[in-house]
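Subject: Structure for your review

Dear colleague,

I am handing over the structure below, followed by an account of what was found in it. Please read the notes with the structure open beside them.

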Protein chains: 2
Amino acid sequence: MNDKQMLMIPGPTPVPARVLQAMAKHPIGHRSGAYNAIQAEVTAHLKWLHQTEHDVMALTVSGTGAMEAGIINFLSPGDRVITCCNGKFGDRWAEICTAYGLNVEKVTAEWGKPLNPDDVRAKLQADTAKDIKAVILTHSETSTGVLNDLEAINAAVKEHGTALIMVDAVTSLGAISVPIDAWGLDVVASGSQKGYMIPPGLGFVAVGPKAWAAYETATLPRYYLDLGKYRKATAKDTTPFTPPVNLVFALQAALQMMREEGLEAIFARHARHQKATRAAVQALGLATLGADDCASPAVTAVMPTQVDAEAIRKTMNQKFDIALAGGQDHLKGKLFRIGHLGFVCDRDIITAIAALEATLQNLGCEITPGAGVGAAAAVFAQG
Amino acid sequence: MNDKQMLMIPGPTPVPARVLQAMAKHPIGHRSGAYNAIQAEVTAHLKWLHQTEHDVMALTVSGTGAMEAGIINFLSPGDRVITCCNGKFGDRWAEICTAYGLNVEKVTAEWGKPLNPDDVRAKLQADTAKDIKAVILTHSETSTGVLNDLEAINAAVKEHGTALIMVDAVTSLGAISVPIDAWGLDVVASGSQKGYMIPPGLGFVAVGPKAWAAYETATLPRYYLDLGKYRKATAKDTTPFTPPVNLVFALQAALQMMREEGLEAIFARHARHQKATRAAVQALGLATLGADDCASPAVTAVMPTQVDAEAIRKTMNQKFDIALAGGQDHLKGKLFRIGHLGFVCDRDIITAIAALEATLQNLGCEITPGAGVGAAAAVFAQG
């Protein structure tokens with residue numbers, strides 16, 4: 001049905017009406033006191049969301065642009081880096097490093113499995129010359145619904161002592177705690193169309209003092225993505241280049257909503273939705289890619305066996321106006337992904353699961369009607 | 001007065017209600033047939049606007065990001081380039097080239113004067129080894145309101161034969177004819193918050209076949225700004241990275257409006273507004289920076305002598321809710337700039353001039369009331 005689609009994909013995520021309305025205001029000039037005031041508020045709220053006292057900068061880019069900025073500002077050609085790859089996005093950061101002439105070593109895990117922190121530790125312990133400059137990883141691997149153990153991998157990086165840790169938190173920030181200062185994370189990148197509840201077009205990079213020290217001697221070329229320019233401007237409540245003013249209006253409204261809800265409540269909601277979604281699909285006899293103990297708070301990847309994943313996506317879309325994501329790269333056609341990230345309430349989960357049950361019935365699968373919704377409801381009943 | 005501000009700055013420019021409403025729709029998934037259909041329409045209209053049969057690509061960046069992409073995709077470290085500098089933006093492209101290790105030679109003109117095509121020609125004629133790889137210039141220099149003679153400079157580049165021409169058309173595209181195919185322009189960059197009539201957040205790069213040939217051997221590093229990725233994706237009506245979906249809704253609506261108006265009418269409107277604005281400020285005894293024969297279609301820079309430029313801006317803003325731009329860099333405080341770009345009608349010009357008259361009176365300047373509005377009206381009376 002026209003204009004009735006419900007987004008249950010891992011981005012763009014649903015946008016609150018309050019945010020859409022804020023975004024629809026006429027733009028203002030970005031070199032004005034009125035804009036500076038918005039920027040000051042937004043920066044303060046971003047630091048709160050990132051649990052950091054240090055810099056958080058907004059760039060006009062997608063999540064990939066934010067992550068590229070997070071990598072190239074702190075490294076020089078030929079630098080040795082470890083990229084952690086267990087999905088499409090881990091692979092992408094390795095591609096960026098290669099494009100910039102870095103000396104890339106991969107730590108890999110099968111798609112659907114989490115990275116083993118000991119694999120990273122072993123590489124770092126073997127580096128007695130201390131020439132590994134950075135460990136780059138994806139926290140929540142959107143392509144597989146696997147959450148990597150950032151805390152443990154970060155501990156290994158801290159034991160090494162000199163390497164920076166650079167984190168793609170694109171689908172984890174705002175969904176699960178990423179305590180940047182408490183853990184001493186050096187670089188954390190994210191994007192607007194995820195936990196932030198606003199449309200795509202803004203990327204965010206948080207940078208700590210150790211990374212800024214590396215910035216001083218890093219020689220990879222950059223200009224538009226030069227975070228030093230953003231740091232200087234952000235300190236003056238302005239931007240180095242024209243900001244996407246209307247998306248900043250949206251960001252202001254969304255961050256106000258997040259502050260009203262509170263970090264703990266936001267994280268608890270995402271944890272509940274992850275648990276309910278997994279319980280529901282498992283109760284319907286569907287396998288999840290990735291084990292429960294490494295499940296992403298943002299997205300659940302489901303591998304149906306009785307029926308084609310794309311047939312499920314198509315029926316969900318055409319009959320029930322719910323958009324699910326498909327598999328990526330070699331998993332294309334083999335799984336579907338349910339996003340439960342950002343502006344999602346318990347009703348949305350029940351809705352998606354009810355529609356999934358109806359879809360499976362429609363496609364002739366043998367299921368117990370109500371098993372999925374009941375399993376989700378049982379999770380919600382726990383409070 | 002709250003929410004009453006009128007933008008007469010060279011970006012962001014006024015946005016039509018139709019465009020704001022399109023932008024306020026809930027986002028859709030960007031990996032969907034519905035998105036592909038929008039992208040296909042938008043790409044066709046962008047080619048129309050760019051007067052080209054070749055590629056026009058949209059990136060999630062500001063105008064600077066678009067221009068950086070337009071430079072770095074076609075060059076290699078150490079390449080010799082000529083950057084043409086007669087204002088803030090020309091200087092910026094030289095900075096980008098320097099940041100990427102290019103061998104930069106500047107052709108300069110005083111701020112407020114146009115570039116002399118013969119200066120470019122002389123450099124190119126002296127290059128008998130044909131190792132100049134590119135000539136980079138700003139068509140409409142937003143900082144000074146000067147329009148450079150792109151056609152003549154392009155002719156000099158064509159005589160050279162091997163150098164590419166890379167054009168910052170950020171405030172000229174959609175305001176004055178930039179006939180890309182007819183002139184054989186290799187790279188043309190622009191940004192959404194200008195002639196496009198939509199808020200900032202999208203950058204555009206048009207690329208011709210000669211530039212694509214250079215792309216094949218160019219080795220400057222790039223990933224997020226790698227235009228080859230955008231070319232491949234655009235050919236399939238998709239994007240390499242998550243697009244700013246709501247800004248693409250806005251772009252779709254704005255391009256539909258531009259097609260309804262027609263290119264010739266759009267260019268005639270901008271020419272009329274430029275002429276009326278200049279006639280009006282001159283009739284009020286104010287000097288324009290830059291001569292009439294090299295006036296930008298987008299912005300008029302005015303140098304008041306009787307009264308401080310910033311006082312005029314402040315009164316225009318506080319008493320009449322009209323935002324004007326100030327001077328940049330060494331011209332800060334010395335001039336104000338009236339934007340007349342994008343969604344601007346004859347009434348807007350009359351309005352701005354009437355308010356400027358009232359402002360000058362308020363500040364105690366001796367003017368003939370009505371002289372400005374009368375001069376603008378005389379231009380409009382010519383049809």
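**Domains of chain A**

Chain A is divided into domain 1 (17–260) and domain 2 (262–381), the bounds coming from an automatic or database domain assignment. Please bear in mind that this is a predicted model, in which local features need pLDDT of at least 70 and side-chain atom pairs count only at pLDDT 80 or more, while totals for chains, interfaces and linings use all residues. Residues are numbered from 1 along each chain as its sequence is written, and chains are lettered from A and ligands numbered from 1 in the order in which they are written.

The C-alpha centres of domain 1 of chain A and domain 2 of chain A are 28 Å apart. Their contact draws on 22 residues of domain 1 of chain A and 20 residues of domain 2 of chain A, where two residues are in contact if their C-beta atoms, placed from the backbone, lie within 7 Å. On the side of domain 1 of chain A that touches domain 2 of chain A, the elements giving two or more residues are β6 (140–141) and β7 (146–147) of chain A; helices (H or I, at least four residues) and strands (E, at least two) are DSSP runs, numbered from the N terminus. The residues of that side of domain 1 of chain A divide into eight nonpolar, eleven polar and three charged, with Ala, Val, Leu, Ile, Met, Phe, Trp, Tyr, Cys and Pro counted as nonpolar, Asp, Glu, Lys and Arg as charged, and the others, Gly among them, as polar.

**Chain A as a whole**

Chain A has 14 helices and 15 strands. Its radius of gyration is 21 Å, close to the 21 Å that the globule rule gives for 383 residues, so chain A is as compact as a globular protein of that length; the radius is taken over C-alpha atoms, and the rule is 2.2 Å times the number of residues to the power 0.38. Along the principal axes, the C-alpha atoms of chain A fill a box of roughly 60 × 55 × 35 Å. Of the 383 residues of chain A, 57% count as buried, a residue being buried if 20 or more other C-beta atoms lie within 10 Å of its own, exposed if 12 or fewer, and partly exposed in between, with C-beta atoms placed from the backbone. Among contacts in chain A between residues at least 6 apart in sequence, 72% join residues at least 24 apart.

Strand β3 (residues 80–85) of chain A runs parallel to β4(A) and is joined to it by six bridges, and Arg80(A) stands opposite Asn103(A) in β4(A).

**Chain B and its contact with chain A**

The contact between the chains involves 43 residues of chain B and 43 residues of chain A. On the side of chain B that touches chain A, at least two residues each come from α1 (17–23), α3 (63–72), α4 (88–99) and α10 (245–261) of chain B, and the largest share, four residues, comes from α3(B). Ten of the ten residues of α3(B) are buried, so this helix is largely enclosed by the rest of the structure.

Finally, an open sheet of four strands in chain B has the order β11-β12-β15-β14, with antiparallel pairing.

Best regards

Terms used
Pairing = 2+ DSSP bridges.
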